[in-house]
Amino acid sequence: MGPGGQVGCGPSRDLFSGPSLLIVSGPTILLSAGEPSGDLYGAEVARALRARWPGAKLFGLGGPRMAAAGVELLADPEKLAVMGFIEVVGQLPFFWRLLRKLGSELSARSVDLVLPIDYPGFNLRLAEVAKGRGIPVLYYIAPQVWAWNRKRIYKFAAFTDRVALILPFEEDLFRRAGVDATFVGHPLLDLPSPGSRRALCRELNLEEARPLLALFPGSRAQEVKRHLAIFIETAIRLQAYHPALQPVVAVSETVPARLYRGIPFPRTKNSRDLLWHAHAALVKSGTTTLEAALCATPMAIAYRTHPLTYLVAKRLVDVDHIGLVNLVAGQRLVPEFIQSEATPAALYSALLPLIRSDSKARSEMVEGLRDVRNTLEGGADNAVNVADRVVGLAAELLSSK
């Protein structure tokens, strides 16, 4: 990296030709994702980066999927998966040390581009450090500034060069704040087609003809601790009413295996196929609600967090729903149960009509979920996948420096 953040043109550096890059050694790119969903989307971007520039040097923060895609990880992904105001406080020294470490790496590795993925509490600070050193920043998946702390949007105007958005209604909001933002489509739309129901049932030793109930207690240890027992008790009650029902628990690679010990139902890491073939689902609030919507799988949403985190969130968050699926739908399409409302009895009552194939509640929700998919697909060129669109923005930034 030359003075002022300019890319050098020596024989071992990158050569540019118009809007597209002709790469000799490949750019050095720092990717930063701190959550399982960011790891999933970051892995797709990493593969697309390598497809465009086989010699690219990719390093930063992420999880097992990004590592498998060729990203050199600089931190334990389990330590990154912390969510909530109170929960983060105890980890602040770790995050400050990590930010200093990445700051050192920016100079030591002559980084050409910083590509933060979601995870705004940490990544906005990383973006600020990068911009202060003249390194271009392409931020992928912005936080929900329309839900709380709208002032953060001006940090994006100050600390990023481009922002790739995954919800269609966000583009106008960011552009009006002076952010160079582009709706690229939702990355869940690009996930590979699911495997067969037969293969999934064989893997789990289940009967193919009987309905599946998907249980998604969370992708962080703190979420599994708060949700798993409630979800299991709900499933036991539903199975008592409908004995043919086969509950299955989705487990996360970033959650210690000991937290799943003793549960009476099969477990799988194949969450995509489970959601696709499930008759209904019980999910914690988050990206999984959108993934279930794309599969048209009826669901109920539950979420429990630290009581103090919840009190702070109630003061700061200004939305009518906590579920992303409901926010995209613009209505309470899927029932939500927060904190003390998330009980086995309440969740049982909400899911009972959804496991009945002929119920009106089920058919209406399925129709609404299909509308959510149409919304997520709207506005983007479906002939090009989302990761390739993000890499296209990266190429534009690199070629303009």
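Predicted model: local features only at pLDDT ≥ 70, side-chain atom pairs only at ≥ 80, totals over all residues.
User: Why is Cys201 called buried?

Analyst: Buried means under 20% relative accessible area. Cys201 has 2% relative accessibility, so Cys201 counts as buried. Cys295 is buried as well, because its relative accessible area is 10%.

User: How many disulfides does the structure hold?

Analyst: The structure holds 0 disulfides. For that label, a pair of cysteine sulfur atoms must lie within 2.5 Å.

User: What makes Glu35 and Arg220 a salt bridge?

Analyst: The label asks for a side-chain nitrogen of Lys or Arg within 4 Å of a carboxyl oxygen of Asp or Glu. In this pair the closest N and O atoms are 2.8 Å apart, so Glu35 and Arg220 form a salt bridge. Glu35 lies in the loop between strand S3 and helix H1, and Arg220 in the loop between strand S10 and helix H10, so the pair ties together parts that are 185 residues apart in sequence.

User: Are Glu35 and Arg220 buried or exposed?

Analyst: Glu35 is buried, because its relative accessible area of 16% is under 20%. Arg220 has 6% relative accessibility, so Arg220 counts as buried too. These two are also linked with Glu223 and Lys284 in a network of salt bridges.

User: How many salt bridges does the structure hold?

Analyst: The structure holds 15 salt bridges. One of them joins the side chains of Arg109 and Glu105, at 2.6 Å from N to O.

User: Why is Arg109 called partly exposed?

Analyst: Partly exposed is the label between buried, under 20%, and exposed, over 50%. Arg109 has a relative accessible area of 25%, so Arg109 is partly exposed. Glu105 is buried, because its relative accessible area is 17%.

User: What do the side chains of Arg198 and Glu208 meet in?

Analyst: They meet in a salt bridge, at 3.3 Å from N to O. Arg198 lies in helix H9 and Glu208 in the loop between H9 and S10, so the pair ties together parts that are 10 residues apart in sequence. Arg198 has 47% relative accessibility, so Arg198 counts as partly exposed. Glu208 is partly exposed too, because its relative accessible area is 35%.

User: Why do strands S12 and S15 stand at the edges?

Analyst: Their sheet is open, with 6 strands in the order S12-S11-S10-S13-S14-S15 and parallel pairing. Strands S12 and S15 each have a single partner strand, so one side of each is left without a neighbour in the sheet.

User: How do you know that S14 and S15 pair?

Analyst: Two strands pair if there are at least two bridges between them. S14 and S15 have 3 bridges, so they pair, and they do so in the parallel sense. Within this pairing, the bridge partner of Ile301 is Glu336 in S15. Helix H15 lies across S13, S14 and S15, running at about 160° to S14.

User: What makes both faces of strand S8 covered?

Analyst: Arg162 and Ala164 on one side, and Val163 and Leu165 on the other, are all buried.

User: Which strands are joined to S8 by bridges?

Analyst: S7 is joined to S8 by 3 bridges, and the two run parallel. Here Leu138 stands opposite Arg162. S9 is joined to S8 by 3 bridges, again running parallel, and Ala164 stands opposite Thr182 in S9. With helix H8, strands S8 and S9 make a right-handed β-α-β unit.

Definitions and conventions: Residues numbered from 1 in each chain as written. Heavy atoms only, no water. Buried < 20%, exposed > 50% of the residue type's maximum accessible area, 1.4 Å probe, protein only. Helix = DSSP H or I, 4+ residues; strand = E, 2+ residues; numbered from the N terminus. Contact = heavy atoms within 4.5 Å. Axes fitted to C-alpha atoms, helices over the stretch in contact; angles between N-to-C directions. Right-handed = clockwise from strand over helix to strand, strands pointing away.
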